Protein chains: 4
Amino acid sequence: MTTKTIPTTSLCTHTLTSLTYGDSNLVEDLMGKKTFTEVMLMQILGRTPRPVDLRITDVVLIVLMEHGLTPSAIAARLIYMSAPENLQGAVSAGLLAVGSSFVGTMENCSKLLDRILAAPDADAEAQAIAREYKALKSPVPGFGHHLHKPVDPRAYKLLEMGKAEHELQGHRIRALETLSKAVDEAAGRAITLNATGAVAALLGEIEVPTNVMRGFAVISRAAGLVAHIVEEQNNPSGRFIWDTVEHAIPFVRPGAKQE
Amino acid sequence: MTTKTIPTTSLCTHTLTSLTYGDSNLVEDLMGKKTFTEVMLMQILGRTPRPVDLRITDVVLIVLMEHGLTPSAIAARLIYMSAPENLQGAVSAGLLAVGSSFVGTMENCSKLLDRILAAPDADAEAQAIAREYKALKSPVPGFGHHLHKPVDPRAYKLLEMGKAEHELQGHRIRALETLSKAVDEAAGRAITLNATGAVAALLGEIEVPTNVMRGFAVISRAAGLVAHIVEEQNNPSGRFIWDTVEHAIPFVRPGAKQE
Amino acid sequence: MTTKTIPTTSLCTHTLTSLTYGDSNLVEDLMGKKTFTEVMLMQILGRTPRPVDLRITDVVLIVLMEHGLTPSAIAARLIYMSAPENLQGAVSAGLLAVGSSFVGTMENCSKLLDRILAAPDADAEAQAIAREYKALKSPVPGFGHHLHKPVDPRAYKLLEMGKAEHELQGHRIRALETLSKAVDEAAGRAITLNATGAVAALLGEIEVPTNVMRGFAVISRAAGLVAHIVEEQNNPSGRFIWDTVEHAIPFVRPGAKQE
Amino acid sequence: MTTKTIPTTSLCTHTLTSLTYGDSNLVEDLMGKKTFTEVMLMQILGRTPRPVDLRITDVVLIVLMEHGLTPSAIAARLIYMSAPENLQGAVSAGLLAVGSSFVGTMENCSKLLDRILAAPDADAEAQAIAREYKALKSPVPGFGHHLHKPVDPRAYKLLEMGKAEHELQGHRIRALETLSKAVDEAAGRAITLNATGAVAALLGEIEVPTNVMRGFAVISRAAGLVAHIVEEQNNPSGRFIWDTVEHAIPFVRPGAKQE
């Protein structure tokens with residue numbers, strides 16, 4: 001053995017006649033008494049969620065659920081067409097798109113908010129971040145959106161909702177606004193604050209750790225992808241997508257590329 | 001092109017300044033006004049869900065979320081240890097376990113309920129099903145559970161809740177009870193009606209098609225697996241699982257097996 | 001514990017200073033002495049492969065590797081764009097397309113060959129199969145191809161190669177030809193025997209069990225998908241595919257569909 | 001459209017009666033004439049591989065195929081038990097373990113070799129790298145192995161084979177040896193050079209780009225996982241693994257952990 005300590009779990013246990021989630025008896029305490037959002041949050045955060053936690057989680061999960069025929073949804077539909085006996089495989093394939101470039105980007109933004117909050121001078125740190133990304137010619141995570149300009153309406157609404165919640169500390173929302181100001185200054189123009197940026201701030205406000213945030217995108221997108229698969233069952237698009245892509249991208253002989 | 005008709009989507013569209021889910025403006029109609037369960041169900045069923053639909057969906061999603069260190073959770077934890085930069089990969093791996101043998105079995109049970117409801121004589125059809133599986137020496141989907149005996153407490157509670165909902169027709173719950181009676185008779189003793197059997201009946205009562213049901217297990221388990229990954233972050237088990245399994249299963253030389 | 005017997009493994013074991021694959025010392029017996037195909041087949045079949053086994057396996061793996069911008073390749077490219085830090089996720093997503101409808105269909109065809117070989121009268125059984133699928137208005141697995149007509153050149157070559165190997169029994173190739181004749185008769189015209197049909201026959205000739213065959217498609221396609229990802233690194237298509245698909249499939253309001 | 005240029009592909013095209021891989025007619029030029037390794041390498045590297053390329057690729061693929069009951073293999077077996085109709089899902093799940101922590105680590109090591117080769121003073125750069133990782137208290141990628149000490153026999157053999165190939169430049173092997181010397185000096189003792197370190201050097205010698213290397217682990221491990229699934233079919237371990245893990249990891253109530 002190369003490990004010495006025995007890990008433990010606090011998520012769930014069972015006897016022949018009962019199931020326990022954390023401290024709660026599933027049948028007695030949860031079924032018919034709690035919503036899905038409530039139990040999910042209880043299990044992820046390891047504490048009883050407050051009403052404000054549920055409001056923030058619900059709005060975040062709704063916002064991340066859908067953006068139409070994204071890479072994630074297209075992949076799920078193509079896999080479903082290929083293996084319809086295997087719905088879970090189609091969802092799994094689509095979820096693999098929740099990465100560092102799309103959907104999962106709230107994690108990258110939240111790391112920046114962590115930096116700003118840990119720094120002695122928030123403004124200076126935000127300006128340093130903006131300069132770093134400008135030097136890399138790379139968008140700052142949480143900013144810019146190729147489909148929503150000049151304002152991402154989801155981001156605006158999320159921040160408005162977050163600010164109206166008086167039980168939240170507001171420090172991560174302020175860190176995001178500080179970063180937004182610095183990003184605009186570095187660019188010399190207003191840069192769209194996008195939905196994943198606002199999600200990073202709001203999930204942080206309810207004490208979701210940065211490295212857990214991507215999980216909310218995964219849960220939400222799982223629901224969105226199931227809806228895409230249901231639509232694919234009723235109004236199939238897979239073969240059409242295949243034909244369209246195959247005809248849109250020409251074959252060129254390997255040598256021809258270098259010419 | 002081998003396809004003639006152009007498919008359409010009704011799930012989501014966007015302009016530079018708005019997002020629409022189905023018939024609803026995301027920012028105006030949904031954010032802060034609807035729960036995750038509500039929007040998910042609206043998108044999957046293509047209609048505004050009733051309160052009873054939400055109650056049934058919430059309880060089903062809660063029940064399917066967890067069963068401790070299942071194959072699904074173990075796989076997710078091992079993949080997370082191997083590629084922690086990639087939370088979505090760990091969830092995807094775990095979701096691939098939602099198949100025909102565990103968790104996803106409500107689909108198999110629901111097909112039997114479809115058969116019973118389509119038959120002229122429900123009792124005779126249920127008895128025929130029970131005989132078929134007995135001849136195959138195979139458990140009837142929705143019945144039996146190696147960890148819950150003699151009664152699966154989740155199943156009992158689910159059916160109780162379903163029967164208390166007067167807006168539901170009750171025909172699928174009755175079909176399941178008819179099947180349960182036939183299964184007991186064929187076995188000559190009481191056979192545990194398990195949670196996936198009750199889930200099959202209840203999701204059918206709110207008009208979820210049989211081939212969509214597995215999607216609810218996928219959504220729910222995605223949330224459960226995120227909680228397992230959070231626990232893995234705080235209390236790692238992956239290396240211990242690896243060591244334990246490697247030491248528990250001995251290597252025998254290929255020739256030695258046949259001796 | 002619900003299991004009594006302890007499973008064993010014969011694939012691999014290790015000490016601090018050695019690795020053993022089956023009966024072979026990795027460093028002494030395999031490295032520099034055996035090809036990838038040879039070791040793979042040794043591990044999968046649990047025996048030392050003959051030269052004829054290697055020739056058949058190599059040609060099968062080559063044939064299954066590529067078919068251009070298939071659903072599998074499109075999905076892998078989209079996932080790679082979304083999470084480029086995670087090459088394995090893109091391959092995994094693409095492999096999930098190796099299902100019952102494409103690529104993995106040799107398994108379905110091989111089951112029919114199993115039936116024909118087990119039947120007292122091969123011709124009668126083949127005719128029964130052809131009639132069954134005709135009644136279902138469903139193509140017989142291994143027959144028909146929407147992109148290769150009237151002859152799948154890969155299938156023709158595979159069978160020619162299989163028949164030239166005198167160490168093979170030829171009984172599964174003959175079963176496939178019997179089936180092909182019956183399919184043509186039932187249709188009243190020549191139906192294309194496709195590559196997966198020929199693969200089913202050839203893998204069976206080298207004693208690959210039916211329920212293992214899909215694994216060869218998975219291995220081969222993994223290699224093909226890595227090549228797609230390399231091309232995606234050098235000549236990105238993901239964003240173009242997204243734009244193309246999103247513009248090709250119109251949004252219609254949910255109500256509008258029923259009108 | 002947000003993209004202007006139309007991507008192209010050079011991997012594969014087809015007509016009704018032919019398939020072309022790159023510049024080669026599949027039926028005329030490849031089937032029966034080339035091995036799987038040869039065609040795979042042709043497609044990935046975009047050139048006709050030399051015999052030395054094939055020798056290096058074969059030995060690398062053999063070495064990466066197996067290491068017994070790894071997290072990857074355990075996950076694949078558990079998923080196969082849960083959804084046996086879906087072999088590709090089990091392989092996909094297992095491949096998701098080819099990440100930054102295991103198997104896929106040759107990519108991390110190769111980045112260090114890239115740094116050493118790009119630096120004006122290779123020794124100084126190697127020493128800088130060794131110091132950086134020492135400061136992080138983190139093992140240098142390509143060095144250390146919890147199961148092979150003091151020498152990883154695979155690494156030793158790989159480097160011996162690489163050095164015996166006179167067509168290779170040897171510069172990446174020398175960079176690895178420079179790094180190895182610096183790592184030993186920084187530690188004050190000999191640190192195991194592991195198999196993924198040697199793989200990084202050898203794949204680099206045949207001009208596989210750093211960000212493609214993980215693909216070779218994926219292809220090789222796909223073959224290894226298929227063998228595990230075949231063993232699982234014949235000698236099932238999934239239920240035993242589930243029971244063993246569930247019994248080895250105790251449940252503690254959430255509050256109890258903090259005490």
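Okay, let's start with the chains: 85 residues of chain A are in contact with 85 residues of chain B. Keep in mind that this is a predicted model. The area buried between chain A and chain B comes to about 7,300 Å², and carbon and sulfur atoms give 70% of that. On the chain A side, the residues losing the most area to chain B are A:M31, A:F36 and A:I62, though together they make up 10% of what that side buries.

What about salt bridges between chain A and chain B? The count is 0. Polar contacts do turn up, with 21 residue pairs between the two chains, both partners at pLDDT 80 or more. If you're looking for helix α11 of chain A, residues 213-234, that's where the largest share of the side touching chain B comes from: 13 residues. By class, that side of chain A has 42 nonpolar, 31 polar and 12 charged residues.

Now, inside chain A. The domain assignment gives domain 1 as 10-49 and domain 2 as 50-245, and their C-alpha centres lie 28 Å apart. Here 9 residues of domain 1 are in contact with 13 residues of domain 2, burying about 870 Å², of which carbon and sulfur atoms give 72%. In domain 1, A:T37, A:L41 and A:R47 lose the most area to domain 2, together 44% of what that side buries.

Across this domain interface the rule finds 1 salt bridge. Have a look at A:R47 again, too: A:R47 forms a salt bridge with A:D53, with the closest N and O atoms 2.7 Å apart.

Conventions: Residues are numbered from 1 along each chain as its sequence is written. Chains are lettered from A and ligands numbered from 1 in the order in which they are written. This is a predicted model: local features need pLDDT of at least 70, side-chain atom pairs count only at pLDDT 80 or more; totals for chains, interfaces and linings use all residues. Side-chain values use heavy atoms; hydrogens and water are left out. Contact means heavy atoms within 4.5 Å. Buried area is the accessible area (1.4 Å probe) that two parts lose on being put together, summed over both. A salt bridge is a side-chain nitrogen of Lys or Arg within 4 Å of a carboxyl oxygen of Asp or Glu. A polar contact is a pair of N or O atoms within 3.5 Å; within protein, one must be able to donate a hydrogen and the other to accept it, and residues adjacent in sequence count only if both atoms are side-chain atoms. Helices (H or I, at least four residues) and strands (E, at least two) are DSSP runs, numbered from the N terminus. Ala, Val, Leu, Ile, Met, Phe, Trp, Tyr, Cys and Pro count as nonpolar, Asp, Glu, Lys and Arg as charged, and the others, Gly among them, as polar. Domain bounds come from an automatic or database domain assignment.
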